[in-house]
Amino acid sequence: MIELLKELYGYELSLDEIKEVSEDNIIGRAHIARLLLLKGYVDKWEKVFDNYIDRGRPAYISRSKITPFKAIDVIKKAEGVPVIAHPGLIENNQIVKQLINYGVTGLEVFYLEHTQNEIDYYKEVAKNNEL
């Protein structure tokens with residue numbers, strides 16, 4: 001996206017600059033928009049999205065998605081801990097079981113939107129799978 005903005009419009013942005021306007025180093029289109037505003041390339045937030053980086057606009061790049069299985073592989077390769085967050089929202093316990101069998105090492109049991117039945121169920125799943 002940075003390269004497209006430079007190529008199409010001559011806007012000079014660097015990844016380091018975008019990281020600076022991102023408080024937690026998680027970068028999204030909003031941070032690019034903020035930097036374009038700060039550098040004076042645009043005068044309104046909406047212009048950035050409407051003209052440049054919203055879906056279907058010239059500098060928009062769709063994000064790539066990976067499967068949950070690939071995510072587990074990436075997390076483990078980085079020596080992280082793969083955890084299924086709010087499994088009740090998945091609405092398919094077979095997928096949850098497949099992910100556990102594949103290598104998930106944690107399961108969020110207590111989640112605001114889980115019913116008591118879901119909490120009880122996922123607590124039992126976690127216990128039975130030593131998560």
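Colleague: Which residues have the most contacts inside the largest nonpolar core?
Modeller: A nonpolar core here is a set of buried Ala, Val, Leu, Ile, Met, Phe, Trp, Tyr and Cys residues joined through side-chain atoms within 4.5 Å. Buried means under 20% relative accessible area, exposed means over 50%, and partly exposed is in between (1.4 Å probe, protein chains only). The largest such core has 16 residues, and those with the most contacts inside it are Leu 5, Leu 13, Ile 32, Leu 36, Val 48, Tyr 52 and Ile 53.

Colleague: Which helices each supply at least two residues of this core?
Modeller: Helices (H or I, at least four residues) and strands (E, at least two) are DSSP runs, numbered from the N terminus. By that count, at least two residues of the core come from each of helix H2 (15–21), helix H3 (29–38) and helix H4 (45–53).

Colleague: What pLDDT do local features need here?
Modeller: Residues are numbered from 1 along each chain as its sequence is written, and side-chain values use heavy atoms, with hydrogens and water left out. This is a predicted model, where totals for chains, interfaces and linings use all residues and side-chain atom pairs count only at pLDDT 80 or more, while local features need a pLDDT of at least 70.

Colleague: Let's zoom in on Ile 32. Which residues does Ile 32 touch, not counting those up to four places away in sequence?
Modeller: Touching, or contact, means heavy atoms within 4.5 Å. With residues up to four places away set aside, the partners of Ile 32 are Met 1, Leu 5, Leu 13, Ile 18 and Ile 53.

Colleague: What share of the residues counts as buried?
Modeller: The chain exposes about 9200 Å², with carbon and sulfur atoms supplying 50% of that; these areas come from the Shrake-Rupley method with a 1.4 Å probe, and for residues only the protein chains shown count as cover. Of the 131 residues, the buried share is 27%.

Colleague: On to the backbone. What is the phi of Glu 91?
Modeller: Most residues other than glycine have a negative phi. His 86 has a positive one, near 30°, and sits in the loop between strand S1 (83–84) and helix H6 (93–102). Glu 91 is found in the loop between S1 and H6, and though not a glycine, its phi is positive, at about 60°.

Colleague: Is Pro 82 buried or exposed?
Modeller: Pro 82 is in the loop between helix H5 (68–77) and S1. Beyond four places in sequence, it touches Ile 72, Ile 75, Lys 76, Gly 103, Val 104, Thr 105 and Gly 106. With a relative accessible area of 3%, Pro 82 is buried.

Colleague: What about Val 81, buried or exposed?
Modeller: Val 81 is also in the loop between H5 and S1. Leaving aside neighbours within four places, Val 81 is in contact with Ile 75 and Thr 105. Its relative accessible area is 59%, so Val 81 is exposed.

Colleague: How far apart in space are Tyr 60 and Leu 4, C-alpha to C-alpha?
Modeller: Tyr 60 lies in the loop between H4 and H5 and is partly exposed, at 21%. Its contacts beyond four places in sequence include Met 1, Arg 29 and Tyr 52. Tyr 60 and Leu 4 are 56 residues apart in sequence, and their C-alpha distance is 8.4 Å.
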